[in-house]
Amino acid sequence: MSVLQYITSQRGKKLLVYNNYIHRQDRRDENKIIWRCNGNQKCSGRVHVSENDIVLKYVDHSHLSDVAKIQAKKTVEGMKTLAKENSLTTRAILGEGSSQVIIQ
Ligand SMILES: [Zn+2]
């Protein structure tokens, strides 16, 4: 089962990682946010997420996932975090790193 993970782009925009794909916010409805594929204009990949982070609907992507890219960014950011937050335990840093990944 995939989990929702929010990351911040280098421009400070919130991105959603789900099912190993990166999404950017498309639009916000009354009680849900629709995220669309980030980086592939023609792709119809979408995730509809409720206010309490429940996936209401998932439309699959038409291309390979961004998993390698996501993993690479996580690793780099994890090391940066480790250097900065040296008062935390390694376990805490890794946990924090997973939700504070910077991605291009
Ligand atoms: Zn896509």
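1. Basis. The model is predicted: local features need pLDDT of at least 70, side-chain atom pairs count only at pLDDT 80 or more, and totals for chains, interfaces and linings use all residues. Numbering starts from 1 along each chain as its sequence is written.

2. Overall content. The protein chain has two helices and seven strands, taken as DSSP runs numbered from the N terminus (helices H or I, at least four residues; strands E, at least two). Along the sequence the pattern is β-β-β-β-β-β-α-α-β.

3. Of the 104 residues in the protein chain, 16% are buried, that is, with 20 or more other C-beta atoms within 10 Å of their own, C-beta atoms being placed from the backbone. Among contacts (C-beta atoms within 7 Å) between residues at least 6 apart in sequence, 33% join residues at least 24 apart.

4. Core. The largest nonpolar core consists of nine residues: Ile7, Leu16, Val17, Tyr21, Ile22, Trp35, Cys37, Val47 and Val49. Such a core is a set of buried Ala, Val, Leu, Ile, Met, Phe, Trp, Tyr and Cys residues joined through C-beta atoms within 7 Å. Strand 2 (14-18), strand 3 (21-28), strand 4 (32-37) and strand 5 (46-50) each give two or more residues to this core.

5. Strands 2 and 3. These pair antiparallel over four bridges; pairing requires at least two DSSP bridges. Leucine 16 has histidine 23 of strand 3 as its bridge partner. Their hairpin has two residues between the strands, and asparagine 19 there takes a positive phi near 55°.

6. Strands 3 and 4. The pairing is again antiparallel, over five bridges, with glutamine 25 opposite tryptophan 35 of strand 4. Three residues lie between the two strands of this hairpin.

Note on methods: Buried ≥ 20, exposed ≤ 12 C-beta atoms within 10 Å, placed from the backbone. Contact = placed C-beta atoms within 7 Å.
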